[in-house]
Amino acid sequence: MPEETAAEAHVRVKVTRTLVRNPLVVGAVLLLAAIAFTLLGDDLSFLPFLLMLVGGWCFGFAFVNATQGIVPARNGAVLHLGVAVVLGALVAFVVEFGGDLLDPFPEAVRGIAVVLQLAAIPATGWIWLALIGRVTDFFARRDTKKKPPPVTPDWEREESGDGSIVRFPAIELRMRALTQAIVAIVVVAGLFGVALLIALDDIVMRMGPRIAIVLMGIVVGLPVYLVFTAILRRRTAQCTVAFGNDELRVQVDDELHTIPFRNLEFLRWRCRSDYARIEVRGSGADLSLFAGLATPPRGFSAELPALPRRVYRRLELAGLTVEKARRGEVITFRAPSEPSSRAPAH
């Protein structure tokens, strides 16, 4: 086999990262593969069925991410609610009348419609799960209206240091690992749902297979989601981040990482949402700490404060370039040797 050139390796790595990190691309690829299997005569065997489930979930995941990034948040919540209601009604309508409506069409069109219909079920389920989370959060805020609103952890002057420090709980977790874990959960829950459908064949035949799949998504998907969140939060660690005059200090429980600014290769800082986090690499350290997924102390929000202006100046003097994404919500600093395609600005 001929040796891979540097240019070919760069293209391969870039394409791989795009597929892993962009759920819309992944979803489209998986659904196109499922459609191809269907058109070739594969009558819903395991592989195309799995492609439909994961591909559909990717689209739901991408939509939820997009609504969480909308400013003001109220507009994102309204859009989320509207699409959830429309998709739920559409899925119910197609389950009830879709077969009759598709009868006049060629077999190829019916096959594609079945793929899209089955893919819409996990997408709709994920959108509704996220909506339930938003509604729960709304009522929790309403119940605590008379209490002081939660405050964001703030910077403090470091008593024994030379800069500012912030303390917060976080979960040490990489974005890629989080995405892969969610995909694995979708696959496992899908397989478990299929096993239940087979075991309860008589009941499924009476209620109809499509309605049974929707019910299994609710019965299986919601508990799995809650268990996954609980498992993640058990890994919460107490963290501190301090920016000195010429170094960054990150402590995770009892482990302290000191990174001089001149050795800092990559720093990402996101303040809000479930993906609020700090990612940092340099001087042998490679950390990703999610504050948005951890349970905050009473009276505090699961967020990070905005970076002080002096930090921008110090890092720029150290030779790092700054990038802003999602309307300035995600701040990324890179060393000149660090490729811009290394990580997504989620």
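Is Thr 332 buried or exposed, and at what relative accessibility? Thr 332 counts as buried, at 3% relative accessibility; here buried means under 20% relative accessible area, exposed over 50% and partly exposed in between, with a 1.4 Å probe and protein chains only.

This is a predicted model, where local features need pLDDT of at least 70, side-chain atom pairs count only at pLDDT 80 or more, and totals for chains, interfaces and linings use all residues. Residues are numbered from 1 along each chain as its sequence is written, and side-chain values use heavy atoms, with hydrogens and water left out.

**View 1. The whole chain, before we zoom in.** The chain has nine helices and ten strands; helices (H or I, at least four residues) and strands (E, at least two) are DSSP runs, numbered from the N terminus. Of its 346 residues, 40% are buried. Take contacts (heavy atoms within 4.5 Å) between residues at least 6 apart in sequence: 64% of them join residues at least 24 apart.

View 2. Strand S10 covers residues 330-334 and holds Thr 332. The side chain of Thr 332 makes a polar contact of 2.9 Å with the side chain of Arg 268. For a polar contact, a pair of N or O atoms must lie within 3.5 Å; within protein, one must be able to donate a hydrogen and the other to accept it, and residues adjacent in sequence count only if both atoms are side-chain atoms. Setting aside neighbours within four places in sequence, Thr 332 also has Phe 266, Leu 267, Thr 321, Val 322 and Glu 323 among its contacts.

View 3. Arg 174 is 115 residues away from Leu 289 in sequence, yet their C-alpha atoms are 7.7 Å apart.

View 4. Helix H3 runs over residues 46-68, and its 23 residues reach 33 Å from first C-alpha to last. That is close to the 33 Å expected, taken as 1.5 Å times one less than the number of residues. H3 is mostly covered, with 18 of its 23 residues buried. Over in helix H5 (residues 107-143) you'll find Ala 120, which is partly exposed at 21%. Ala 120 and Met 52 are 68 residues apart along the chain, with 8.6 Å between their C-alpha atoms.

**View 5. Two loops with positive phi.** Asp 253 isn't a glycine, but its phi is about 55 degrees. Look for Asp 253 in the loop between strands S4 (247-252) and S5 (255-260), where it is partly exposed at 43% relative accessibility. Ser 283 has a positive phi too, near 50 degrees. Its loop lies between strand S7 (277-282) and S8, and Ser 283 is partly exposed, at 39%.

**View 6. A charge over a ring.** Arg 309 lies over the face of Tyr 312, 4.3 Å from the ring centre. The rule asks for NZ of Lys or CZ of Arg within 6 Å of the ring centre and within 35 degrees of the ring normal.
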